[in-house]
Amino acid sequence: MASALAHHGLSLQGLAPTAPDAPWPNTYGVWCDELADLGLSHLLGHRWQNTVSYFGQAASTQATHHRRDYGLFDKHTLQQHFLDQLQTMTWHRGKAAAVTHGDDHSCVTTEAGEELQAKLIIDTTGHNAALVQRPASAHAPVAYQVAYGIVGKFSKPPVAPGQFSLMDYRAEHLSAEQLGGPPTFLYAMDLGEDVFFVEETSLALAPAMAYDTLKERLQQRLEADGVAVSEVHHTEHCLFPMNQPLPDLNQRVLGFGGAASMVHPATGYMVGAMLRRAPEVGDAIATALAHGAVGEELAKAGWQTLWTTERLRKHHIYQFGLETLMRFNHRELCQFFDSFFKLPQTKWSGFLADTLTPFELVMAMVTMFSQTTNPVRGGLMGGVGTDGQLLLKSLIGSP
Ligand SMILES: Cc1cc2nc3c(=O)[nH]c(=O)nc-3n(C[C@H](O)[C@H](O)[C@H](O)COP(=O)(O)OP(=O)(O)OC[C@H]3O[C@@H](n4cnc5c(N)ncnc54)[C@H](O)[C@@H]3O)c2cc1C
């Protein structure tokens, strides 16, 4: 977001608890064509052409081939790409604690009591936003994506050499009791030089699945495949909310990223959306400033660009999808994804990246409904009864 604003020559200050060049902790994946469209393919550290998923319980389940390249960012290159564009930016070390607003400026007070003034404050402090206000969840409790992963070496390859596995739902290694519980899948990739990343993932659950459950399931899965961990280079603990309420779009602090509820509620992906939307929001703020906008009007220019009526409509459809997915058992979930990935690739990739129009999105869902199994149809119909208000909101386009 800062680099998008710097592009317009605006005067920027950053407040962060760590140095701007402190290494970012997470590994971020993205479909490669999303980056190619932005001219950012050089930020990838890994790229896979052999991309598969397994949507079935049996170990012998045939792979679904996605025929679409997936990539992993080189974290250092990604971070440096943005820092290079922020060489004139002033950085302050600390944490935002409170904000007050004057007529034409706002003032952030840090935990250490320092006061920082600006025409516009943008809160990018993640899912538990420091300053952005949200209404209490209408859908309590909030659902979380949780994953436990290991980067390391193994006694034999946990996925086929050169392969990326988006969702491996094979589950013959689980007990009947475990299978009756919430489903999990393996997200895994060959990182080269005998190093692999394997991550057991709970797509969404409220309350969140425990790390220990995921760790146990990952061990069971590897053991069943005769795979032992021989070196651990890094363990990843991933936890973030999928369906936080949208922020109040009339507030004076603008949010971006997790702070603005930008996570795709049905998939958990956000990085591609952040890269696509930051320049749009940067343009809107720069234009508003050039027209002399201050205060609420300035923040509104950002919020309205981030959450257009069209995006609000789609957001509620995704939320409906999430609620339905969480009600499916293992078999139904596999049938759902099997049907989803049988849609034409432009449709399923547009759903995942949130680039379809609301009409295209609804038509893709109608096609899937007509082509899927009866249990999945039943689940989707049942969802209309329990979460129909989300579909109603999508018609209205309200937050
Ligand atoms: C382990 C993990 C893996 C993920 N993988 C993917 C992926 O592969 N693809 C994808 O699209 N999405 C992924 N996500 C989801 C999402 O993209 C990430 O959660 C993303 O990091 C959110 O970005 P953010 O900038 O909003 O928040 P964060 O990355 O959480 O950054 C928030 C920043 O704000 C700082 N901060 C916090 N409080 C304050 C304060 N009071 N004042 C000042 N600064 C503060 C923090 O130090 C931090 O640097 C993943 C999430 C996790 C947790």
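Biologist: How many residues of domain 2 are in contact with domain 3?
Modeller: In this predicted model, eight residues of domain 2 contact seven residues of domain 3.

Biologist: Which strand gives the most to that side of domain 2?
Modeller: Strand β15, residues 195-205, gives the most, with three residues.

Biologist: OK, the ligand. Where does it lie, and why there?
Modeller: The ligand lies between domain 1 and domain 2, because both give residues to the shell around it.

Biologist: How many residues surround the ligand, and which are the closest?
Modeller: There are 23 residues around the ligand, and the closest are Gly126, Ala130, Cys238, Gly257 and Gly258.

Biologist: Which element gives the largest share of that shell?
Modeller: That is β16, with three residues. Both β1 (13-16) and β16 (229-241) supply at least two residues of the shell.

Biologist: What is the shell like by class?
Modeller: The shell around the ligand has 12 nonpolar, nine polar and two charged residues.

Biologist: Now the core. Which residues touch the most other members of the largest nonpolar core?
Modeller: Met1, Ala188, Val281 and Leu325 do, in a core of 85 residues.

Biologist: What is Ala188 in contact with, leaving aside its neighbours within four places in sequence?
Modeller: Ala188 contacts Pro158, Val159, Ser165, Asp168, Phe196, Phe197, Val198 and Glu199.

Biologist: Switching to Trp303. Buried or exposed?
Modeller: Trp303 is buried, because 23 other C-beta atoms lie within 10 Å and the cut-off for buried is 20 or more. Trp303 sits in helix α7, residues 295-306.

Biologist: What does Trp303 contact beyond four places in sequence?
Modeller: Trp303 is in contact with Leu249 and Leu254. As for Phe256, 47 residues from Trp303 along the chain, the two C-alpha atoms are separated by 9.1 Å.

Biologist: Where is Phe337, and is that residue buried or exposed?
Modeller: Phe337 is in helix α9, residues 330-340. Phe337 is buried, with 23 other C-beta atoms within 10 Å.

Biologist: What touches Phe337, again leaving aside neighbours within four places?
Modeller: Phe337 is in contact with Ser53, Phe55 and Met167. Gly102 is 235 residues from Phe337 in sequence and 50 Å from it in space, C-alpha to C-alpha.

Biologist: Last topic, the whole chain. How many helices and strands?
Modeller: The protein chain has 12 helices and 17 strands. The radius of gyration is 22 Å, close to the 21 Å from the globule rule for 399 residues, so the chain is as compact as a globular protein of that length.

Biologist: What does the C-alpha trace span along its principal axes?
Modeller: The trace spans about 65 × 50 × 35 Å.

Biologist: What percentage of the residues count as buried?
Modeller: Of the 399 residues, 37% count as buried. Among contacts between residues at least 6 apart in sequence, 73% join residues at least 24 apart.

How values were computed:
Residues numbered from 1 in each chain as written. Predicted model: local features only at pLDDT ≥ 70, side-chain atom pairs only at ≥ 80, totals over all residues. Contact = placed C-beta atoms within 7 Å. Helix = DSSP H or I, 4+ residues; strand = E, 2+ residues; numbered from the N terminus. Core = buried A, V, L, I, M, F, W, Y, C linked by C-beta atoms within 7 Å. Buried ≥ 20, exposed ≤ 12 C-beta atoms within 10 Å, placed from the backbone. Near = placed C-beta within 6 Å. Nonpolar A, V, L, I, M, F, W, Y, C, P; charged D, E, K, R; others polar. Domains from an automatic or database assignment. Rg over C-alpha atoms; globule rule 2.2 N^0.38 Å.
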